[in-house]
Amino acid sequence: MVIIAQETSFDEAEMLELYDSVGWHPWTRDVARVCRSLANSHLVITARDETGKLLGLARTVSDDEIVCYVQELLVNAQHHGKGIGRRLLEHLKDRYAHCRYFVLTTDHESAPEGPANHAFYRRLDLIEHHEQGLSAFGLRVRDPRSL
Ligand SMILES: CC(C)(COP(=O)(O)OP(=O)(O)OC[C@H]1O[C@@H](n2cnc3c(N)ncnc32)[C@H](O)[C@@H]1OP(=O)(O)O)[C@@H](O)C(=O)NCCC(=O)NCCS
């Protein structure tokens, strides 16, 4: 059984285990900052099993009217391929269905994790910006190794 629920307080050790399982080293280098970012998010949802073990997490930055930005969606690497990522993203799609923009940033398809992530998002009916005449811009990430 997988339980999806909103959470508002975050345990550093638990977050470290989750983010470490997917190799997100910029995040695991400063897990206190990760917990502050979670606390300051518009919404954080988790997936837990019946024992309470943390299996996955997703968070958003949003005005709850026009834009929902999905920042971070991850499932413990030992539990990939069980439909947990789908449950989390479907929950967010429903929650923010009234927003004009539902957007996120992920690795380019040419990056090591790119093909897997793109396949996942396409299965969930997301498309790339350029497929609807849009582009995404951003300042260059100053140090890709740290937050
Ligand atoms: C991407 C991620 C969230 C997917 O979560 P997951 O729980 O393993 O995915 P699910 O089991 O819910 O899969 C949902 C659908 O996507 C498809 N899918 C998932 N991973 C896939 C892959 N590597 N290749 C092809 N299809 C894939 C599944 O076949 C499934 O399709 P279906 O529901 O129609 O049968 C997870 O792999 C992850 O945490 N990766 C590391 C962190 C990351 O990169 N996050 C995303 C970038 S921000």
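Start at the ligand: of the 18 residues around the ligand, the ones that come nearest are His80, Gly85, Arg86, Ala116 and Ala119, where being near a molecule or strand takes a C-beta atom, placed from the backbone, within 6 Å of it. Three elements, β4 (67-75), α4 (84-95) and α5 (114-123), each give two or more residues to that shell. With five residues, α5 gives the most to the shell. Sorted by class, the shell around the ligand holds eight nonpolar, six polar and four charged residues. For that tally, Ala, Val, Leu, Ile, Met, Phe, Trp, Tyr, Cys and Pro are nonpolar, Asp, Glu, Lys and Arg are charged, and the others, Gly among them, are polar.

A word on what you're looking at. This is a predicted model, in which local features need pLDDT of at least 70 and side-chain atom pairs count only at pLDDT 80 or more, while totals for chains, interfaces and linings use all residues. Residues are numbered from 1 along each chain as its sequence is written.

The UniProt record, an unreviewed entry, carries the annotation "domain: N-acetyltransferase" over residues 2-147. UniProt positions are in the numbering used here, the feature names are shortened, and annotations may be inferred rather than shown by experiment. Over residues 2-147 the chain is 31% helix and 22% strand, with 30 Å between the end C-alpha atoms.

Now for the sheet. Five strands make an open sheet, ordered β1-β2-β3-β4-β5, with mixed pairing; two strands pair if DSSP finds at least two bridges between them. At the edges sit β1 (3-6) and β5 (101-104), each pairing on one side only. On average, neighbouring strands of this sheet are turned by 25° against each other, direction ignored. Angles like this run from 0 to 180 degrees between N-to-C directions, with axes being lines fitted to C-alpha atoms, for helices over the stretch in contact.

β1 and β2 run antiparallel and are joined by four bridges, with Ile3 standing opposite Arg48 in β2. Next come β2 (residues 43-48) and β3 (residues 54-62), also antiparallel, with six bridges between them. The bridge partner of Ala47 in β3 is Gly56, and Val44 stands opposite Arg59 in β3. β2 and β3 form a hairpin with five residues between them, and Gly52 in the turn has a positive phi of about 95°.

With 23 C-beta neighbours inside 10 Å, Arg59 counts as buried; the cut-offs are 20 or more other C-beta atoms within 10 Å for buried, 12 or fewer for exposed, and in between for partly exposed, with C-beta atoms placed from the backbone. Leaving out residues up to four places away in sequence, Arg59 touches Leu38, Ser41, Leu43, Val44, Gln71 and Glu72, a contact being two C-beta atoms, placed from the backbone, within 7 Å. Arg59 and Thr105 are 46 residues apart along the chain, and their C-alpha atoms are separated by 13 Å.

Glu72 is partly exposed because 18 other C-beta atoms lie within 10 Å. Asp64, in the loop between β3 and β4, also has a positive phi, near 60°. Asp64 has 13 other C-beta atoms within 10 Å, so Asp64 is partly exposed too.

Back to α4, one of the elements around the ligand. α4 lies across β1, β2, β3, β4 and β5, running at about 25° to β3. His91 is found in this helix. Apart from its neighbours within four places in sequence, His91 is in contact with Ile4 and Ile45. With 17 other C-beta atoms within 10 Å, His91 is partly exposed. Its C-alpha atom is separated by 14 Å from that of Leu126, 35 residues apart along the chain.

Last stop, helix α1 (residues 12-21), the place of Asp20. Asp20 has 15 C-beta neighbours inside 10 Å and therefore counts as partly exposed. Asp20 and Ala77 are 57 residues apart in sequence, yet 9.1 Å apart in space, C-alpha to C-alpha.
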